Amino acid sequence: MSLRTTIVIALASVAANALPVQNEVIACPDVVTEPEHFVACYQTNQMAKVMGLSGHFPFTFDNKTFIGSGEGSAPGPLAFVAGDDSLETLLRVNKDRADAVKDQQFTEAEAGYRLTAAMTSLVGFPRSAVLSSQPNNFTFVVFRSSAVFKSSSAVSMFGSEQPVVPTFSFFAEFVKSSSGFEIPLDLTRDLVAAYAEQPNPMAAFSKVTGCDEKKVRALEYGVRKSPTDFIEALVPDILDAGCSEKFYKVYKTARTASRDYPLALEGEKCVTYFVEKFKNLEFDLAADSLRAFYALCFDASPLFTGNGFSFSGMVNANNEVAFAATTFSQQLTSREFVVPLTNTADLNSDDFKVLTFAALPSIVTTAKVDPSGQKEFNREFYAFLEQGFFPTANPVP
């Protein structure tokens with residue numbers, strides 16, 4: 001888990017790093033502990049128990065492919081990843097895809113982009129991430145979770161060799177561990193309290209940052225300007241969401257610095273950048289400015305819940321209940337974790353494998369044409385994002 005949309009647009013170039021398909025036949029075991037076995041299960045449309053693996057939509061920067069996240073031009077020090085249970089869901093939904101094609105419910109192409117939408121929803125991507133006038137395919141890295149903890153510094157900062165549940169308390173401890181700077185306890189408490197009082201992450205984010213909640217929701221959902229003026233989104237950027245002066249200043253200043261000098265904010269240097277700004281009083285240290293810091297460096301977008309579960313605003317692939325009919329519990333998609341920033345070039349070839357998911361059709365090619373010849377955004381085409389990817393007669397409760 002922006003936003004993450006910025007990362008998605010760059011993903012097509014990662015396909016060049018995909019490993020070649022082996023000629024030997026690799027079986028799908030009952031329990032998957034290796035990336036190549038996961039790929040074997042995926043390619044043969046089989047389900048399995050998954051242990052010790054993680055998945056991630058990678059970040060491409062400086063002609064390198066990273067397991068990394070962030071809202072700047074370079075990845076920050078952490079990467080949001082999907083865990084074992086999410087990967088098991090991917091295998092199940094992929095089987096649903098294959099079954100839907102076999103039963104002639106959908107064509108290969110239709111089922112393919114429905115699978116893509118289901119997976120992006122599962123990991124907490126916003127609806128806006130799959131609505132584009134120039135869509136690119138998505139690549140997804142499946143890797144050994146332990147492989148990204150090879151350095152002693154990574155183990156020291158995380159306290160173990162396993163992915164960690166991201167919370168505001170963890171972020172504060174990570175900042176202290178990596179820089180020595182202590183986030184005041186009351187600010188962390190304020191963030192936790194706001195999200196406890198407002199379970200919907202977009203509502204909580206808006207309360208903390210002073211943003212207009214309606215605009216934040218429009219941003220994340222990818223609401224178009226109008227039925228006929230639909231190429232651009234109504235709210236294309238978080239800086240257009242009417243946020244507080246502090247949030248706006250901190251986020252804009254840092255993002256501009258990241259675009260102008262991306263290497264200066266890569267990895268842990270992003271934390272250093274903010275810490276120095278707070279120490280020098282160039283940025284006021286408050287709940288809204290802290291939230292801007294976590295968004296830009298860690299990719300804790302407006303959809304970040306702070307409780308270890310993903311949220312997307314689309315159908316939950318785990319239950320396929322139409323979004324409008326869901327409880328908040330049903331809207332939480334799957335557990336999310338964070339791991340240290342890792343260049344895939346530093347991993348062994350058997351530590352990871354790459355899958356490619358088909359992009360959703362362009363909003364231009366799917367547009368409707370009215371009797372006068374005017375093109376209109378085709379809401380009906382994308383209705384499955386809220387109604388169900390591979391719906392069954394009896395959705396899971």
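Colleague: Is aspartate 96 buried, partly exposed or exposed?

Modeller: This is a predicted model, so read every value as computed from it. Aspartate 96 is partly exposed, because its relative accessible area is 24% and buried means under 20%.

Colleague: Which residue forms a salt bridge with aspartate 96?

Modeller: The general idea comes first. Side chains of opposite charge can pair when their charged atoms come close. Here the partner of aspartate 96 is arginine 92. Their closest N and O atoms are 3.1 Å apart. Both residues lie in helix H3, residues 84-102. They are four residues apart, about one turn of the helix. Arginine 92 is partly exposed too, at 26% relative accessibility.

Colleague: How many salt bridges are there by this rule?

Modeller: The count comes to 17. One of them joins glutamate 34 and arginine 144. The closest N and O atoms of that pair are 2.4 Å apart.

Colleague: Where do glutamate 34 and arginine 144 lie?

Modeller: Glutamate 34 is in the loop between strand E1 (31-32) and helix H2 (35-43). Arginine 144 is in strand E7, residues 138-144. The pair therefore ties together parts that are 110 residues apart in sequence. Glutamate 34 is partly exposed, with 23% relative accessible area. Arginine 144 counts as buried, at 18%.

Colleague: What does lysine 150 pair with?

Modeller: Lysine 150 forms a salt bridge with aspartate 351. Their closest N and O atoms are 3.4 Å apart. Lysine 150 sits in the loop between E7 and helix H5 (152-158). Aspartate 351 sits in the loop between strand E10 (342-343) and strand E11 (352-357). So this pair ties together parts 201 residues apart in sequence. Aspartate 351 is buried, with a relative accessible area of 5%.

Colleague: Now a charge without a salt bridge. Which side chain of opposite charge is nearest to glutamate 320?

Modeller: Arginine 92 again, at 6.0 Å. A salt bridge needs the nitrogen and the carboxyl oxygen within 4 Å. Glutamate 320 is buried yet has no salt bridge. Look for other contacts. The side chain of glutamate 320 reaches the backbone nitrogen of phenylalanine 389 at 2.8 Å. Glutamate 320 lies in the loop between strand E8 (309-311) and helix H13 (328-331).

Colleague: What about glutamate 336: is it buried or exposed?

Modeller: Glutamate 336 is buried, at 3% relative accessible area. It lies in strand E9, residues 332-340. A polar contact of 3.3 Å joins its side chain to that of serine 310.

Colleague: And valine 208, buried or exposed?

Modeller: Valine 208 counts as buried, at 13% relative accessibility. This valine lies in helix H8, residues 201-209. Valine 208 and phenylalanine 278 are 70 residues apart in sequence. In space they are 18 Å apart, C-alpha to C-alpha.

Colleague: Last, pockets. How many residues line the second largest pocket?

Modeller: Start with the idea. Rolling a probe the size of a water molecule over the atoms shows where empty space is left. The second largest pocket holds about 450 Å³ of space. It is lined by 20 residues. Arg127, Val223, Phe377, Arg379 and Glu386 lie nearest its centre.

Colleague: How do the residues of that lining divide?

Modeller: Eight are nonpolar, four polar and eight charged.

How values were computed. Residues numbered from 1 in each chain as written. Predicted model: local features only at pLDDT ≥ 70, side-chain atom pairs only at ≥ 80, totals over all residues. Heavy atoms only, no water. 1 Å grid on protein atoms, 1.4 Å probe; cavity = no way out; pocket = protein on both sides within 12 Å on 5 of 7 lines; lining within 4 Å. Points joined across faces, edges and corners; volume = space filled by probe spheres on them. Nonpolar A, V, L, I, M, F, W, Y, C, P; charged D, E, K, R; others polar. Helix = DSSP H or I, 4+ residues; strand = E, 2+ residues; numbered from the N terminus. Buried < 20%, exposed > 50% of the residue type's maximum accessible area, 1.4 Å probe, protein only. Lys, Arg positive; Asp, Glu negative; His and termini not counted. Polar contact = N/O pair within 3.5 Å; in protein donor to acceptor, adjacent residues only side chain to side chain.
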